Amino acid sequence: MKEATYRIVVMGVSGSGKSHVGALLARRLGVAFLDGDDYHSPTNVDKMANGIPLDDDDRHEWLEALAGVIADHRRRNAALVLACSALKQRYRERLRSGDPDLIFLFLEGDREQLRQRLAIREAHFFRGEAMLDSQLHDLEAPDALEAVACPISDSPEVIVETFLTALSGGYRRPP
């Protein structure tokens, strides 16, 4: 397996475990991990901290920045694991503009699982059930051709193993 050239996005709604699973996956692969949340503008962070869901306009610059980061890693042939909600299919296509071979790991869970996780999470700007509902409403779940999907009911370690097994089996998004 040539891990050094993988560029992977761990996606899902807030509370799905993107950052935790992404960091674990990056460690297993020995590659860089970036959290997409770190690329939000102060305005976006302020909105979310006040329980105001982001819309497509709010996400535009953020997605542009992330696509640029992905493109930079591709130009340098550097591996990357990026945590990013990537809720809509067009958002994922925007990210793929940075690397057409980008691979997605989709963390899927039901509203109750996600709500419980968000309720115990501390020190994060994402607040409120209305924001969760907004993300679930916006989510256009990828199909099996677009992403490897793993249930959040599995442990992070099992999710990483499942994903690595898919990669070693030659998983690739069809052109």
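In which helix is the place of Asn-44?

A: Asn-44 is in helix H2, which covers residues 42-49. Helices here are DSSP runs of H or I with at least four residues, strands are runs of E with at least two, and both are numbered from the N terminus. The model is a predicted one, in which local features need a pLDDT of at least 70 and side-chain atom pairs count only at pLDDT 80 or more, while totals for chains, interfaces and linings use all residues. Residues are numbered from 1 along each chain as its sequence is written, and side-chain values use heavy atoms, with hydrogens and water left out.

Asn-44 is buried, because its relative accessible area is 4% and buried means under 20%, with exposed over 50% and partly exposed in between (1.4 Å probe, protein chains only). Apart from neighbours within four places in sequence, Asn-44 is in contact (heavy atoms within 4.5 Å) with Leu-54 and Asp-58.

Confidence comes next. pLDDT is the predictor's confidence in each residue, from 0 to 100. The protein has an average pLDDT of 89, and 91% of its residues score at least 70. The highest confidence is in strand S3 (residues 80-83), at a mean of 98, and the lowest is in helix H5 (residues 111-120), at 81.

The largest nonpolar core has 45 residues, and those touching the most other members are Ile-8, Leu-25, Leu-95 and Leu-105. Such a core is a set of buried Ala, Val, Leu, Ile, Met, Phe, Trp, Tyr and Cys residues joined through side-chain atoms within 4.5 Å. In soluble globular proteins, nonpolar side chains tend to be buried together.

Leu-25 lies in helix H1 and is buried, at a relative accessible area of 0%. Not counting residues up to four places away in sequence, Leu-25 touches Ile-8, Val-10, Val-81, Val-160, Phe-163 and Leu-164. Its C-alpha atom is separated by 10.0 Å from that of Leu-82, 57 residues apart along the chain.

Among those contacts of Leu-25 are Val-160, Phe-163 and Leu-164, which are buried in helix H7 along with Ile-159 and Leu-167. Seen down the axis of H7, the buried residues fall within an arc of 130 degrees, so they line one face of the helix; the arc is that of the directions from the helix axis to the C-beta atoms. Thr-165 and Ser-168, on the other side of H7, are exposed. The buried residues of H7 pack against strand S1 (7-11), helix H1 (18-29), strand S4 (103-108) and strand S5 (148-151). After H7 comes Gly-170, with a positive phi near 90 degrees.

Asn-77 is in the loop between helix H3 (56-75) and S3, and its relative accessibility of 47% counts as partly exposed. Ala-86 is in the loop between S3 and helix H4 (89-96), where it counts as buried at 0% relative accessibility.

The whole structure contains zero disulfides, a disulfide being a pair of cysteine sulfur atoms within 2.5 Å. The sulfur of Cys-84 has its closest cysteine sulfur in Cys-150, 17 Å away, so the two are too far apart for a bond. Cys-84 is buried, at 1% relative accessibility, and Cys-150 is buried with a relative accessible area of 1%.
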